[in-house]
Amino acid sequence: QVHLVESGGGLVQAGGSLRLSCAGSGRTFINVDTMGWHRQGPGTERELVAAITRDGRVTYADSVKGRFTISRDNAKNTVYLQMNKLKPEDTAVYYCNGRVTTTAWEYDYWGQGTQVTVSS
């Protein structure tokens with residue numbers, strides 16, 4: 001079992017910054033390779049924001065490139081999302097994701113989500 005707990009959301013003005021954290025735990029957490037952040041805004045589908053593999057390869061959505069930075073501390077089983085130059089359109093619930101990948105299947109674990117609200 002894998003548990004993911006997010007923290008760091010809140011209300012910020014446009015142009016401001018927030019840092020999200022996601023701590024992973026559980027006896028099978030060692031099997032999680034890719035960790036990432038997804039978001040779901042009002043009336044929209046959940047979308048990938050950024051992801052990072054255990055060996056540090058990163059992926060970003062085009063909408064956040066140059067503004068957001070994902071990082072990971074494997075010793076602490078924690079992934080971070082530094083969000084700078086926030087825009088009102090970044091308002092969403094942000095979900096931490098941990099993916100287990102094998103040759104035969106993939107499985108996603110999710111956190112409970114943390115609200116990020118950017119006021120104009």
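Tutor: What follows takes the chain as a whole and then some of its residues; please note that this is a predicted model.

Student: Understood. How many helices and strands are there in the protein chain?

Tutor: The protein chain has 11 strands and 0 helices. Read from the N terminus, the order of elements is therefore β-β-β-β-β-β-β-β-β-β-β. The radius of gyration is 14 Å, close to the 14 Å given by the globule rule for 120 residues, so the chain is as compact as a globular protein of that length.

Student: What box do the C-alpha atoms fill?

Tutor: Along the principal axes, the C-alpha atoms fill a box of roughly 45 × 30 × 25 Å.

Student: And what share of the residues is buried?

Tutor: Of the 120 residues in the protein chain, 42% are buried. The accessible surface comes to about 6400 Å², and 49% of that surface belongs to carbon and sulfur atoms.

Student: What about contacts between residues at least 24 apart?

Tutor: Taking the contacts between residues at least 6 apart in sequence, 54% join residues at least 24 apart.

Student: Changing topic to charges: how far apart are the mean positions of the positive and negative ones?

Tutor: There are 13 positive and 11 negative charges, and their mean positions are 5 Å apart.

Student: Now for single residues. Where is Thr 28 found, and is Thr 28 buried or exposed?

Tutor: Thr 28 is in the loop that runs between strand E3 (18-25) and strand E4 (32-40). Thr 28 counts as buried because its relative accessibility is 17%, and the cut-off for buried is under 20%.

Student: Which residues does Thr 28 touch, apart from those up to four places away?

Tutor: Thr 28 touches Gln 1, Val 2 and Tyr 109. With Gln 1 there is also a polar approach: a polar atom of the Thr 28 side chain lies 2.9 Å from the backbone nitrogen of Gln 1.

Student: Let us move to Asp 33. What surrounds Asp 33, leaving aside neighbours within four places?

Tutor: Asp 33 belongs to strand E4 and is in contact with Ile 52, Thr 53, Arg 54, Arg 72 and Arg 99. Arg 54 is 21 residues away along the chain, yet the C-alpha atoms of Asp 33 and Arg 54 are separated by 5.3 Å. At 29% relative accessibility, Asp 33 counts as partly exposed.

Student: Which side chain has a polar atom 2.9 Å from the backbone oxygen of Lys 85?

Tutor: That side chain is the one of Arg 67. Arg 67 lies in the loop between strand E6 (58-60) and E7, and Arg 67 is buried, with a relative accessible area of 10%.

Student: What else is Arg 67 in contact with, beyond its neighbours within four places?

Tutor: Besides Lys 85, the contacts of Arg 67 are Gln 82, Met 83, Asn 84, Leu 86, Lys 87 and Asp 90.

Key. Residues numbered from 1 in each chain as written. Predicted model: local features only at pLDDT ≥ 70, side-chain atom pairs only at ≥ 80, totals over all residues. Heavy atoms only, no water. Helix = DSSP H or I, 4+ residues; strand = E, 2+ residues; numbered from the N terminus. Rg over C-alpha atoms; globule rule 2.2 N^0.38 Å. Buried < 20%, exposed > 50% of the residue type's maximum accessible area, 1.4 Å probe, protein only. Contact = heavy atoms within 4.5 Å. Areas by Shrake-Rupley, 256 points an atom, 1.4 Å probe, with all protein chains shown as cover. Lys, Arg positive; Asp, Glu negative; His and termini not counted. Charge placed at Lys NZ, Arg CZ, Asp CG, Glu CD. Polar contact = N/O pair within 3.5 Å; in protein donor to acceptor, adjacent residues only side chain to side chain.
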